[in-house]
Amino acid sequence: MEPVPRKSELSRDPVAVDFEALRADFPIFATGQQPLHYLDSAASAQKPACVIESINQCYNHDYGPVHRGLYPLAESASEHYEAARRTIAHFINAAHPDQIVFTRSATESINLVAQGWAARHLQPGDEIWVSQMEHHSNFLPWQRVCKNRDARLRIIPLDSEGLIDLEKSKGLFGKNSRLIAITQVSNVLGTINPIREIVASAKQHNIPVLVDAAQSVGHMPVDVQDLDCDFLAASAHKMCGPTGIGFLYGKSDRLAATEPLLLGGGMVDEVNIDSSSWAEIPARFEAGSPNLAGAVGFAAAADYLRNIGLRAIEQQVKSLMLLAYEKLSSIGGIHLYGPAPGLNRGGIISFNIGGIHPHDIAHIAAEHGVAIRAGHHCCQPLMQHLGVSSTARASFNLYNNERDITALVAAILDAKRILGHR
Ligand SMILES: Cc1ncc(COP(=O)(O)O)c(C=O)c1O
């Protein structure tokens, strides 16, 4: 396979982008009677027509089995699948497409590293470090592997603003630390963690770092060579791509030291009654029939975002977050979680209004056409740190606008009125 061009284009300076016009790329906003104020992109992003079309095109005209046939349709299906891998490698500036393993999701990618890499390398008494803000997908796989191997799951604490204290955390890692698994952007607090600095400090102790990039890839420029992380996991559906596909990036030596999670067709070199050998990487990690349409849709989403510019998307979402933060702050009784708006935070705002259950806010918001999330956001250890069982959460993406924020504020004020909150 050809290596990926070295220079990332993701950090290009933003040109003026007409985000209001881009909203028309998303068919969902043209359907329904009531305007849709979709503020739940941290759960899953909406899809532009080009992604939907690419999947239609694949099933209507290009569909065939991947890596399994010698006739033209099968061969072109394999080419499309590998082209998608190159697109994703390029998107995160991986040194080589073989460092991209297609999985079902960020969750599966992290489980692959926990079961395939950590379970092989952990000894009793070793440590794996995660932060207090991790999603269950970047918590439970480590909890289990630590239990099974008599290792310790250690927690990088947060300060009162929901930030990792970098200086303090540097002193935490030591000779028994075997892995740091950390999110780049918190799906509750919006905190953007200083991954480069964490990796640099981990390197001094030879500790590999896995980055949970479910909330960062597709929302800001992410360059794995610049971060110098060992593994990185993400899902297509949070990047305006289809559900059911994600990827694991791994440095080549780390992937070579990883056992496959799933065994079956397509991942073998030779199978005998007594023993078998595995195919080359990445096929070794992709047992079963590959998700061709998913990969094609994923690549279309990556191209769509790259054409807009990741820096421009990041800035647009940040300005929406700042505006929302300001407007929400003026609502009586509201508590906003996470770092102050001037600090490093992305387009996610979690909040509570004293005495009102977040589910009630979300229900009333839904009547206003405002889609927000309420619950623990798969972050119960973080909820315990915050001293609550749940929060409401608004999250922004490139298709949101000021009208969505106005509708959110109106919905919250209405919820307060209906529920008798002063
Ligand atoms: C920070 C973070 N990590 C991991 C995940 C898991 O992603 P997926 O459900 O696509 O596997 C999520 C999903 O919300 C997330 O927000």
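Modeller: Gladly. Let us begin with a pair of charged side chains: those of Lys-170 and Glu-167 meet in a salt bridge, with 3.2 Å from N to O. Please keep in mind that this is a predicted model.

Biologist: What makes the contact of Lys-170 and Glu-167 a salt bridge?

Modeller: The cut-off is a side-chain nitrogen of Lys or Arg within 4 Å of a carboxyl oxygen of Asp or Glu. For Lys-170 and Glu-167 the N to O value is 3.2 Å, so the pair meets that cut-off. Both residues lie in helix H6 (residues 166–170), three residues apart, about one turn of the helix.

Biologist: Why is Lys-170 called partly exposed, and why is Glu-167 called exposed?

Modeller: Exposed means over 50% relative accessible area, buried means under 20%, and partly exposed is in between. Lys-170 has 34% relative accessibility, so it counts as partly exposed. Glu-167 has 56%, so it counts as exposed.

Biologist: Which side chains meet in a salt bridge at 2.8 Å, N to O?

Modeller: Those of Lys-251 and Asp-228. This pair links distant parts of the chain, 23 residues apart: Lys-251 is in the loop between strand E8 (246–250) and helix H9 (252–256), while Asp-228 is in the loop between helix H8 (224–227) and strand E7 (231–235). Asp-228 has a relative accessible area of 29%, so it is partly exposed.

Biologist: How many salt bridges does the structure hold?

Modeller: There are 16 salt bridges. One of them joins the side chains of Arg-393 and Asp-40, at 3.4 Å from N to O.

Biologist: Why can you say that Arg-393 and Asp-40 tie together parts of the chain?

Modeller: Arg-393 lies in strand E15 (residues 391–395), and Asp-40 lies in the loop between strand E1 (37–38) and helix H2 (49–62), so the bridge ties together parts that are 353 residues apart in sequence. Arg-393 has a relative accessible area of 1%, so it is buried. Asp-40, with 14%, is buried too, because buried means under 20%.

Biologist: How do you know how many disulfides the structure holds?

Modeller: It holds zero disulfides. A disulfide needs two cysteine sulfur atoms within 2.5 Å. The sulfur of Cys-50 is 8.8 Å from the closest cysteine sulfur, in Cys-240, so it is too far for a bond. For Cys-146 the closest cysteine sulfur is in Cys-379, 18 Å from its own, which is also too far for a bond. Cys-50 is partly exposed, with a relative accessible area of 36%, whereas Cys-146 is buried, with 2%.

Biologist: Now to the ligand. Which residues come nearest to it?

Modeller: Of the 13 residues around the ligand, Thr-107, Asp-212, Ser-235, His-237 and Lys-238 come nearest. The shell divides into two nonpolar, nine polar and two charged residues.

Biologist: Where is Ser-137 found, and what does its side chain contact?

Modeller: Ser-137 is found in the loop between strand E3 (127–131) and helix H5 (140–148). Its side chain makes a polar contact of 2.9 Å with the side chain of Thr-107. Ser-137 is buried, with a relative accessible area of 14%.

Biologist: Why point out the backbone at some residues?

Modeller: Because most residues other than glycine have a negative phi, and most peptide bonds are trans. Asn-93 has a positive phi near 55°, and Asp-150 has a positive phi near 60°. Asn-93 is buried, at 0% relative accessible area, whereas Asp-150 is exposed, at 58%. A cis peptide bond joins Ile-281 and Pro-282, with omega about 10°.

Notes. Residues numbered from 1 in each chain as written. Predicted model: local features only at pLDDT ≥ 70, side-chain atom pairs only at ≥ 80, totals over all residues. Heavy atoms only, no water. Buried < 20%, exposed > 50% of the residue type's maximum accessible area, 1.4 Å probe, protein only. Near = heavy atom within 4 Å. Nonpolar A, V, L, I, M, F, W, Y, C, P; charged D, E, K, R; others polar. Helix = DSSP H or I, 4+ residues; strand = E, 2+ residues; numbered from the N terminus. Polar contact = N/O pair within 3.5 Å; in protein donor to acceptor, adjacent residues only side chain to side chain.
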